[in-house]
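Trainee: I would like a close look at one part of this model, with the charged side chains taken along. Please go through it step by step.

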Amino acid sequence: MEQQEKIALLTDKPDKVRAIWTDPEGQGRNLFARFKLTLKLDARPEEALLHLFADTSYQLYVNGNDIGSGPVRFDPRYPLYDTHELSQHLKPGRNVIAVQVNYVGHKSFITMLSQAGFMAWGGIAQRNGPRIDLATGTAPWLASEAPAYRYAAKASLFLKAADLYDQRLDHTDWHIAEGGDTPWKPAVELGNQEVWGALKPRSIPYMSGTLLQPERVLHVLPLAQREEVYSFSVPMPHVNEIHEPDQNSRFYACTTWIYTPEACTVTMGLYYQHTWVNGKPLEAGVPSQVHSMRLNHRVQLHEGWNYYMAAGEALQDMVHHYLALPKGAGLLVSAERDSGCGTHFRRTPVLAHEVYDRLLRSKLLPYSPEDNLEEIGGWIPVFADEQGTSPQMGTGWDCYGEPWEQLTPNELEGHTFHQEDYPEGFSVLIDLGMTRLTRPRLLLEGAGGAVADLTYSEHLNADQQHLRHYHWYGLGDRAIGADHQALLDWRITQPRGFRYLQLTVRKPQRDIILRGLELRSASYPAEQKGRFHCSDPLLNEIWAMGARTQAVNMEDGYTDCVTRERGQYIRDTNIQYHNNLVLFGDHALMRRCLELVGQSPDTTGKFRAVYPNTGDYTISDFALNALEGFGVYYEQTGDRELIEQYWEAITRNLSWFHELADERDDLLLDSEWDVKRGVKAHYGGFHGDLAITDGYMDSTGVHCVFSCTYLIALRWAARLAGVIGREQDQAELERRMNILESSIRRVLWDEDKGCYSDNPTRSTHSVHASLFAARAGVMTEEQRPRVMRHVKEDLRSLFVNGYGPEQGVYVSPSFSFYIFEGLYLLGLADVAEHMMRQGWGWFLQQGLRQTPEYYDLSLSLCHAWSACPTYFLSKHVLGVHLPTVNEPDEVILHVDTSGVSSAEGTVPHARGLIEVKWHKDENGDIHYDEIRLPEGMRAIIR
C-alpha cells in the first residue's frame with residue numbers, strides 16, 4: 001500500500017466511529033469513566049496514530065505512561081479533536097491504550113453543559129501485518145466507572161469541582177498492561193450521537209508540560225490538635241447551577257448538644273452561619289487573622305448540656321459545617337446528649353425550593369430541641385466518622401506545633417516523615433516564587449489510612465503559615481490513601497493556578513515518604529522572543545513584570561487569571577494579544593480565541609463576555625471590544641477567512657447595538673439600558689472602568705466611553721466589511737459612524753471645561769471620556785491642546801491622595817490599556833510613563849513579580865490585562881510599530897518617550913526578529929545604533 005494511502009487510513013475519521021460511555025445517557029455531575037483497548041503486536045509499529053475527543057477532558061496513557069491530556073476548551077457545536085503518535089510508546093507483545101475521561105456537567109467558565117462521551121479512531125500500521133483499527137464503535141474498547149472520585153464541591157463559581165480521590169475505592173493498575181482487576185465491561189454506545197457538531201482537528205499546540213521547580217519551602221510543621229473540630233459536608237448539587245435552577249433550596253440547619261462539667265466561657269470557631277446556644281443568638285464573631293473562613297465567638301456555657309443550633313445557606317454546591325471547641329476543657333458534643341451514641345449532629349435533608357417555601361420558610365428560628373421536623377421527614381443523624389470533606393476548611397483551621405526541621409526544594413523528594421515525629425500529621429508549605437499554572441502529581445509511600453490535602457493560593461494569612469481562602473474562592477483537593485496500596489500516586493485531574501502550595505497529611509498510620517511532588521506547567525508553550533532594556537531600571541522591571549504575567553495567562557485560551565476563574569474574556573483576550581505581539585509573536589492562540597468569540601452570541605445576538613459559557617454572561621462594552629480583537633488580528637495576519645467565517649455573528653452582535661442606538665436620533669448609547677429595559681443580566685450592562693474612585697466618572701445615562709466604544713467598533717467593522725467585499729454593510733456602517741462622530745462631538749464636548757464630559761449632564765469629566773474620544777477619532781485639532789491640559793492636570797497623580805491607592809485611583813490597572821492608548825495618541829508619553837512608574841512601581845514596592853488585577857491586593861495577583869505596559873514600552877519606548885497587512889514589509893520606527901535616553905530590544909515577527917538599539921544625544925536627538933530586520937523588510941524612521 002502506498003504511504004499516502006496508509007496515512008489516510010490512519011487519519012480520516014470513519015463514519016462508523018461512535019461516541020461511547022459506561023451507559024447510554026452520559027448525564028450527571030462531574031462524571032468519571034475509564035476506557036481501555038488491549039492490543040497484541042508482533043513488533044513495534046511503523047506508525048500509530050490515535051485521534052480522540054472527550055467531553056469534557058481526558059488523560060491518555062499507553063502501557064502506563066502518561067501521554068497527554070486535552071482537548072482544548074470548546075463549544076459542543078464545534079468540538080476539536082486531538083491527535084497523538086503512539087508508536088514510540090508501543091512494544092512487541094501485549095499493549096494497553098487507556099483513557100480516563102471527566103465530564104464536568106455543571107456550571108463553569110471553561111465548559112458547557114452537553115453530554116459525557118468519548119470518541120477515538122485511527123490505526124496502527126504494522127510492518128508485516130494488517131492495520132489495526134482503533135475506532136470506538138468497531139474496536140473492542142472496554143469501559144469502567146471510576147468510583148474513587150467522590151462528590152466534591154466546586155472550587156469557585158467559575159471552576160469545575162475539586163478532586164476528592166479515595167484510593168480505597170480504586171483499581172490503581174487500571175491503565176497498566178499487566179493489570180486486570182478493574183471491573184471492565186464492553187463500552188456502551190451513547191443513545192444520542194448528535195449532541196456534538198462535526199469534529200475538527202486541534203489548531204493550537206499542547207500545553208507546555210515543563211517541570212516547574214519550587215523556589216522555597218516555607219515551612220515543615222507538625223500538626224498539633226489544640227482544638228476539637230466537629231464537621232460534616234452535605235452535597236447541594238444544584239446551587240449556583242443556572243442549568244437546573246430551583247431544584248433544591250440553599251437552606252440547611254443542624255443541631256447538637258455541647259456538654260461542659262462546669263459553667264465556662266469558651267472561644268468557639270464557626271463558619272458563616274446563624275447560631276444559637278440555649279436559644280439565644282450568638283453575637284457577630286470576629287474574623288480570624290490566621291484561619292480562613294472562620295469567625296471566633298466567645299460563648300457562655302452553663303454546666304451540663306447546652307443546646308446548639310445553626311442555620312444558613314449553602315454558599316457553593318456543598319454545605320460545610322465546621323465547629324471548633326477548645327481541647328482539654330472537658331467538652332463533649334453529642335446530638336443525643338449521650339457521649340457514647342456516636343452521633344455528633346442532626347441536620348435537615350436537602351429540600352426542594354417548593355418544600356422549603358411551603359413548610360419551613362415561615363417557621364421561626366431557632367427550632368426547639370423537641371421539634372422533630374416531621375413535616376420534612378425528620379432530622380438526619382450525622383455520625384462521628386462523617387467528617388467534613390473541605391481541604392480548604394481542614395487545612396485553614398489546622399494548628400501547628402513548633403518546627404524542628406527545615407527542607408530545601410531539592411530535599412523534598414525522598415524525605416521521610418517519621419510517624420513518631422509527626423503523630424498527628426504534618427504540613428509542608430511551598431512557594432513557587434510567583435503564580436504559575438500547573439498539573440500537580442503527588443506520590444506518597446506509606447499513606448495508607450492517611451488523608452492528604454493539596455491546597456493552593458496566591459495569598460498567605462497573617463501568620464505566614466496558613467493559606468488564605470474565601471468562601472467564594474478556595475482551591476483544594478483531597479486524597480485518601482488505601483491500606484492495601486504501598487504508594488499513593490495521585491494526579492490532579494485539572495490544572496491549578498497558585499503561588500503557594502500546601503501539602504497536609506493527617507492521621508498517618510506509619511512513616512510516610514514523599515516520593516515526588518511533580519508540578520508540570522499547564523500553560524501555552526510560547527517561546528519568549530521579545531526583549532526590552534532601557535536607561536530607566538524601573539521601566540525595565542515593569543516590562544519584565546508584564547512578561548512574566550502574560551506567559552502564565554496563556555492556556556488553551558487567553559485567560560483572565562489562572563487562579564480563581566481561568567475564563568476567556570473578550571476584553572482580556574484583546575489586551576493580551578497585544579502583549580503577546582511584543583513577547584511571543586504567536587497568532588494561533590488568538591485565532592482560536594476569536595473562533596470561540598464568534599461562536600459565543602447569546603439569544604440577543606451579543607457576544608458573551610466569557611466563553612465557553614452559558615446564560616446571558618454579556619457585558620455590553622466587552623461585546624463591542626470584540627470588533628477590535630477581530631480587527632487587530634486581521635491587521636497582523638491578513639486572515640480574511642476568519643473574518644468571512646464569523647461575519648454573520650459580527651453583524652448580529654452589532655445589530656443589537658444598532659437597535660439600542662436607534663432609540664435616539666443621535667445614536668448615542670445609554671449605559672443604563674439594562675435598568676431602563678428591566679433586564680437583569682448576570683454581569684450587568686455597561687462596565688467601563690470598575691475600580692476607580694467613587695464619583696470620578698458618572699456612568700449614568702448616555703455615556704461618552706460607551707458611545708465611543710461603539711464608534712470604534714463601527715470603524716473596525718467598516719474596515720473589515722471592505723476587506724471581505726461587503727460594500728452594502730460597509731456603507732451602512734459608515735453612515736452610522738458619521739452620525740455618531742458628530743453627535744459625540746456636539747453633545748459631550750464641554751467648551752467651558754475644554755474636555756469631553758462623561759454624559760450630557762456634564763456632572764463629571766473623567767480622563768476616560770476625553771481619551772476615548774481621542775481613540776475614536778472624534779477629537780478635533782482645535783480641541784486637542786485643551787484636552788491635553790485637562791488630562792495632564794487630572795493625571796498629575798494616578799492616586800487620589802498623591803502617593804498610594806488607599807483613598808482610590810483615577811484609572812484601574814485593568815483598564816489602563818485604553819488610557820495608555822489614548823495618551824500616546826495625544827502625544828502624552830510623559831503622562832503614560834509617569835502612570836507606569838507610579839502605579840506599577842507601587843506593585844513592585846509591594847514585592848509583586850506579576851501584575852495584579854486591581855490595587856486591592858487581596859484579589860488576583862496575576863492578571864494579564866494589567867500587564868499592558870509591556871506592550872506600550874516595546875511599541876513606544878523601544879519604538880517598534882509592527883507591520884500591518886497593508887504594508888507588510890514596512891517596520892515603522894518611532895520613539896515616543898520623555899524620560900528615557902536609550903533603549904534596545906527585540907520584537908518578534910512571523911518573518912523573524914526585529915532588533916533595535918537607539919540613544920539620545922545631548923540635544924535630545926535620537927540616533928539608531930543598530931537596526932536588524934528580517935530579510936525583505938525595510939525600516940521607516942519617523
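Mentor: What follows starts with a helix pair and the loop that joins it, then turns to salt bridges.

This is a predicted model, in which local features need pLDDT of at least 70 and side-chain atom pairs count only at pLDDT 80 or more, while totals for chains, interfaces and linings use all residues. Residues are numbered from 1 along each chain as its sequence is written, and side-chain values use heavy atoms, with hydrogens and water left out.

Helices and strands are DSSP runs numbered from the N terminus (helices: H or I, at least four residues; strands: E, at least two). Helices α6 and α7 pack at an angle of about 145°, their axes being 11 Å apart. Here axes are lines fitted to C-alpha atoms, for helices over the stretch in contact, and angles run from 0 to 180 degrees between N-to-C directions. On the α6 side the contact (heavy atoms within 4.5 Å) is made by Met590, Arg591, Leu594, Val597 and Gly598, and on the α7 side by Ala626, Gly629, Phe630 and Tyr633. These residues divide into six nonpolar, two polar and one charged, where Ala, Val, Leu, Ile, Met, Phe, Trp, Tyr, Cys and Pro count as nonpolar, Asp, Glu, Lys and Arg as charged, and the others, Gly among them, as polar.

Lysine 606 lies in the loop between α6 (588-599) and α7 (620-637). Lysine 606 is buried and has no salt bridge; aspartate 602, the nearest side chain of opposite charge, is 4.6 Å away. Buried means under 20% relative accessible area, exposed over 50%, and partly exposed in between (1.4 Å probe, protein chains only). A salt bridge needs a side-chain nitrogen of Lys or Arg within 4 Å of a carboxyl oxygen of Asp or Glu. Lys and Arg count as positive and Asp and Glu as negative; His and the chain ends are not counted. Beyond its neighbours within four places in sequence, lysine 606 is in contact with residues including Ser600, Thr618, Ala623, Trp656 and Trp673.

Helix α7 also holds glutamate 628, whose partner arginine 775 is in helix α13 (residues 767-775), 147 residues apart.

Elsewhere, arginine 18 and glutamate 189 form a salt bridge with the closest N and O atoms 3.2 Å apart. Arginine 18 is partly exposed, at 29% relative accessible area, and glutamate 189 is partly exposed at 38%. By the rule above, the count comes to 58 salt bridges.
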